[in-house]
Amino acid sequence: MFLLTVFRILKIKVFKQINGKKIYEEKDIQKLSFLMTLKNVGMSIQDMKKYIQYISEGDSTLSQRIDMLTRYRQSLLEKAHTCYKSIDILDYFIYLMKTKQ
């Protein structure tokens with residue numbers, strides 16, 4: 001259902017169909033790719049729907065979109081920082097064990 005909503009709001013249509021394979025226009029593939037990126041950074045479906053709605057409302061919602069993306073960017077940076085700290089700790093323990101050999 002969500003994908004149908006995405007296709008409808010973003011006006012994504014099958015460009016043509018060849019041998020049962022659907023062909024999409026490049027601009028539509030870019031839109032879907034961007035939505036997959038939002039999914040990969042952990043954006044909830046509810047927020048994705050809200051973001052898509054903002055897109056459909058046009059430039060008057062630019063500040064809301066910027067705010068939303070900035071929040072997810074910050075969250076992603078915090079997760080990355082936590083991962084890097086964990087890697088440093090693992091490296092330290094590996095170093096300690098190697099020095100005992």
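Tyr92 is partly exposed, at a relative accessible area of 48%. Here buried means under 20% relative accessible area, exposed over 50%, and partly exposed in between, with a 1.4 Å probe and protein chains only. Tyr92 sits in helix α4. Helices (H or I, at least four residues) and strands (E, at least two) are DSSP runs, numbered from the N terminus. Tyr92 also belongs to a nonpolar surface patch, together with Ile89, Leu90, Phe93, Ile94, Tyr95 and Met97. Their accessible area together is about 770 Å². Patch members have over 30% relative accessible area and no salt bridge; like charges are joined within 9 Å, and nonpolar side chains (Val, Leu, Ile, Met, Phe, Trp, Tyr) within 5 Å. A salt bridge is a side-chain nitrogen of Lys or Arg within 4 Å of a carboxyl oxygen of Asp or Glu. Areas come from the Shrake-Rupley method with a 1.4 Å probe; for residues, only the protein chains shown count as cover.

The model is predicted: local features need pLDDT of at least 70, side-chain atom pairs count only at pLDDT 80 or more, and totals for chains, interfaces and linings use all residues. Residues are numbered from 1 along each chain as its sequence is written, and side-chain values use heavy atoms, leaving out hydrogens and water. pLDDT is the predictor's confidence in each residue, from 0 to 100. The chain averages 87, and 86% of its residues reach 70 or more.

Now the overall layout. The protein chain has four helices and two strands. Their order along the sequence is α-β-β-α-α-α. Of its 101 residues, 19% count as buried.

Take helix α2 next, residues 26-40. Its 15 residues reach 21 Å from first C-alpha to last, close to the 21 Å expected. That expected span is 1.5 Å times one less than the number of residues. Asp28, Leu35 and Leu38 are its buried residues. Seen down the axis of α2, they fall within an arc of 75°, so they line one face. The arc is that of the directions from the helix axis to the C-beta atoms. Glu26 and Asn40 are exposed on the face turned away from the buried side. Gly42 follows α2 with a positive phi, near 95°.

Ser75 lies in α4 and is partly exposed, at 26% relative accessibility.

Asp47, Met48, Tyr51, Ile52 and Tyr54 are buried in α3. Down the axis of α3, its buried residues fall within an arc of 155°, so they line one face of the helix. An α-helix has 3.6 residues a turn, so residues three or four places apart point the same way. Just after α3, Gly58 takes a positive phi of about 90°.
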